[in-house]
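Welcome! Try each one yourself before you read its solution.

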Amino acid sequence: TGPYGFSFNTLQSTVESGATENEFTNYSLGADFALAPGLTPYLELVLFDLDEGGTTVDNEGTLVMTGVQLNF
């Protein structure tokens with residue numbers, strides 16, 4: 001893809017304990033661009049959801065990360 005880089009990752013997990021079932025789902029989408037030799041800005045979006053069976057607990061969220069990688 002030339003100077004561009006892309007990634008997509010997913011994680012899904014289920015844990016059963018007796019009559020309860022906990023489910024976790026995570027999606028991650030990332031992109032970067034080699035702006036110059038040794039200079040790569042990047043951006044990542046993460047979505048997650050945790051459902052704890054047998055309770056009213058439902059944790060979900062969104063995370064946006066950005067940064068610059070320097071190599072010298």
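**Exercise 1. Contacts along the chain**

Among contacts in the protein between residues at least 6 apart in sequence, what percentage join residues at least 24 apart?

*Solution.* Begin with the ground rules. This is a predicted model, in which local features need pLDDT of at least 70 and side-chain atom pairs count only at pLDDT 80 or more, while totals for chains, interfaces and linings use all residues. Residues are numbered from 1 along each chain as its sequence is written, and side-chain values use heavy atoms, with hydrogens and water left out. Next, take contact to mean heavy atoms within 4.5 Å. Among the contacts between residues at least 6 apart, 33% join residues at least 24 apart.

**Exercise 2. The overall build**

List the elements from the N terminus on, then decide why the protein counts as more spread out than a compact globule.

*Solution.* Step one: count the elements. There are 0 helices and 4 strands, where helices (H or I, at least four residues) and strands (E, at least two) are DSSP runs numbered from the N terminus. Their order is β-β-β-β.

Step two: compare the sizes. The radius of gyration is 17 Å, well over the 11 Å that the globule rule gives for 72 residues, so the protein is more spread out than a compact globule. This radius is taken over C-alpha atoms, and the rule is 2.2 Å times the number of residues to the power 0.38.

Step three: look at the box. Along the principal axes, the C-alpha atoms fill roughly 55 × 20 × 20 Å.

Step four: check burial. Buried residues make up 11% of the 72 residues; buried means under 20% relative accessible area, exposed over 50% and partly exposed in between, with a 1.4 Å probe and protein chains only.

**Exercise 3. Aromatic rings**

How many aromatic pairs does the ring rule give?

*Solution.* Step one: apply the rule. Rings of Phe, Tyr and Trp (its six-membered ring) pair if their centres lie within 6.5 Å; planes under 30 degrees apart count as stacked, over 60 as edge-to-face and the rest as tilted. The count comes to 3 aromatic pairs.

Step two: take Tyr 4 and Phe 33, a tilted pair at 4.8 Å centre to centre with 45° between the planes. Tyr 4 lies in strand 1 and Phe 33 in strand 2, so this pair ties together parts 29 residues apart in sequence. Tyr 4 is partly exposed at 46% relative accessible area, and Phe 33 is partly exposed at 27%.

Step three: turn to Phe 8 and Tyr 27. Their ring centres are 6.3 Å apart and their planes at 20°, so the pair is stacked. Phe 8 is exposed at 55%, whereas Tyr 27 is partly exposed at 32%.

Step four: ring pairs link Tyr 4, Phe 6 and Phe 33 into a cluster.

**Exercise 4. Two residues compared**

Is Val 46 buried or exposed? Then find what Gly 53 touches.

*Solution.* Step one: Val 46, in strand 3 (residues 39-52), is buried, with a relative accessible area of 11%. Leaving out residues up to four places away in sequence, its contacts include Tyr 27, Leu 63 and Met 65.

Step two: Gly 53 is found in the loop between strand 3 and strand 4 and is partly exposed at 23%. Gly 53 and Glu 21 are 32 residues apart in sequence and 4.7 Å apart in space, C-alpha to C-alpha.
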